[in-house]
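The following paragraphs lead the reader through one protein structure. Please keep the sequence and the three-dimensional view at hand while reading.

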Amino acid sequence: MSHAVLIIDDEETLARNVALYLERQDYECRVAGSAEEGFSLFQSFRPDLVLLDHNLPGMKGLQALERLRTLDPQCCVVLMTGYGSVDLAVQALKAGAADYLTKPVGLAEMKLVLERLLTQDRLQRTVRYYEGRAAASSGLDKLLGQSPAMQALRAQIASLLEAERNLADDQAPAVLIRGETGTGKELVARALHFDGPRQAQPFVELNCGALPGTLIEAELFGYERGAFTGAQQRKVGLVETAEGGTLFLDEIAETEPGTQVKLLKLLEERRVRRLGGLREQAVRARIISATHQPLETWVKENRFRADLFYRLRIVELVVPPLRERGDDVMLLAQRFLDQQAARYRREGLCFDAGAQDALLRHHWPGNVRELRNTIEQAVLMARGERVTAADLGRSSGTNTAPNAGNSAGAAVVLGAEEDLDLGRMERRLIQTALARSEGNVTHAARLLGISRDTLRYRLERLGLGETH
């Protein structure tokens, strides 16, 4: 894709030669002989970059630069002049110029400057796009549900956000989000960030259960070149990346003891040092963590540091499981149905009475994530305009485990009267699936609705032994 360049220079021959050179380099160019003519072309041409001469007739380059920045704050302007001085360069950069060139300008040098600035601009636009998309998909309004439990959760979040806006300093309290797998803990963390006073700053997340302990430390705190074998260059850690914003640590219970010590130090001293580094740096990132594990029990069993637990839990938010949210099941199911129907171009789909009954009677051990995946499957399976209980497949509404004669695609579910301890439930579900699949991990993963790699990770974590 060619880039557009506007050249504002009263030296017509020079401007034409620059334009000819850039057009040969696949740039699209326009030329203006004065600042006033340049403003008119800028409005209609909308260039990616402006080459602006300082010594123009009438309005000078610095004044024109300020006007261009008013027309478009994101405008990328390079100031050119034959009267180069340090003072003028400093004034230009303070006024918002992206760079500064002294005449006579070498065309090869100009090309390098343009390529560098346009690459930077493209990266910045990409970052702004993803930041905007993340913000649009986050916030209190994305925590759907009218059940008392969800209303209470939103009220807690709103109160916390109001308190943060009134803070006399920038040391926001650590927040621990509790809830079963699939309840939407990340959505809560995003609501705390994107609806709060830090919304313009980075939101950085790390799943502590997805990486080995040695890698987690390197990701969190960064490292200096030569800190360990393979450290070929300096790496900035996620704590530094989240400066001024939010660092979200999902599955915090999975961190190793050594990492827990460093996290405690970070929370207490608000300082960080890269691996292999000598200098500590102050940080202003707020910490939000999440877990589905019973941390109080883990503390008693010495599997998690008590002092870190209490530092992480200055504020605790509990996300309710889907089975305790009543009619929120149908509200969420309808939202997911609308989204997936639009995605697969199946607009007009609706649930029949049997499907609604099945959705309301199912126990939803996988919570909102399971519901979302189930609805996507139903959209794919539905043959008419109505989604039936049969289209829901493995979540057909029964709360009892299917017998051994059922098909391989049958779900492994628990009754409402079963022990709801999440760790034991997970172990029992996996053992049941493995028994039905005669130890075949691929078939067991299919029964559980997860990937083969995810199941292998859970088998290793739970110490359930070798399978094939």
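Ile252 touches Leu176, Cys208, Leu263, Ser289, Ala290, Thr291, Leu295, Phe304 and Leu312, residues up to four places away in sequence being left out of the count; contact here means heavy atoms within 4.5 Å. The model is a predicted one, in which local features need pLDDT of at least 70 and side-chain atom pairs count only at pLDDT 80 or more, while totals for chains, interfaces and linings use all residues. Residues are numbered from 1 along each chain as its sequence is written, and side-chain values use heavy atoms, with hydrogens and water left out.

Ile252 also belongs to the largest nonpolar core, which has 30 residues; Leu220, Leu247, Leu249, Ile252 and Phe304 are those with the most contacts inside it. A nonpolar core is a set of buried Ala, Val, Leu, Ile, Met, Phe, Trp, Tyr and Cys residues joined through side-chain atoms within 4.5 Å. Buried means under 20% relative accessible area, exposed means over 50%, and partly exposed lies in between, with a 1.4 Å probe and protein chains only. At least two residues of this core come from each of β7, α8 (213–221), α9 (238–241), β10 (246–250), α10 (257–269), α11 (295–300) and α12 (306–312). The largest share, four residues, is supplied by α10.

Strand β6 deserves a separate look. Four bridges join β6 (residues 175–178) to the parallel strand β13 (residues 286–291). Within this pairing, Val175 stands opposite Ile288, and Leu176 has Ser289 as its bridge partner. β6 also pairs with β14 in the parallel sense, over four bridges, and there the partner of Arg178 is Val318. Both faces of β6 are covered, with Val175 and Ile177 buried on one side and Leu176 and Arg178 buried on the other. Leu176 and Ser289 are also among the residues touched by Ile252.

Another buried residue is His193, at 0% relative accessibility. His193 is found in helix α7 (residues 185–194) and touches Arg198, Gln199, Gln201, Pro202, Phe203, Gly245 and Thr246, again not counting residues up to four places away in sequence.

A cis peptide bond, with omega of about -5°, joins Lys103 and Pro104; Pro104 is found in the loop between β5 (99–102) and α5 (107–136). Arg270 is a residue other than glycine with a positive phi, near 55°, and is found in the loop between α10 and β11 (271–272). Asn367, likewise a residue other than glycine with a positive phi, has a value near 60°. Asn367 is found in helix α15 (residues 367–381) and counts as buried, at 0% relative accessibility.

Among the cysteines, Cys29 is buried, with a relative accessible area of 7%, whereas Cys350 is partly exposed at 29%.

The protein as a whole has 18 helices and 16 strands. Of its 468 residues, 46% are buried. Among contacts between residues at least 6 apart in sequence, 67% join residues at least 24 apart. The accessible surface comes to about 23600 Å², of which 49% belongs to carbon and sulfur atoms; accessible areas come from the Shrake-Rupley method with a 1.4 Å probe, and for residues only the protein chains shown count as cover.

Definitions and conventions: Pairing = 2+ DSSP bridges.
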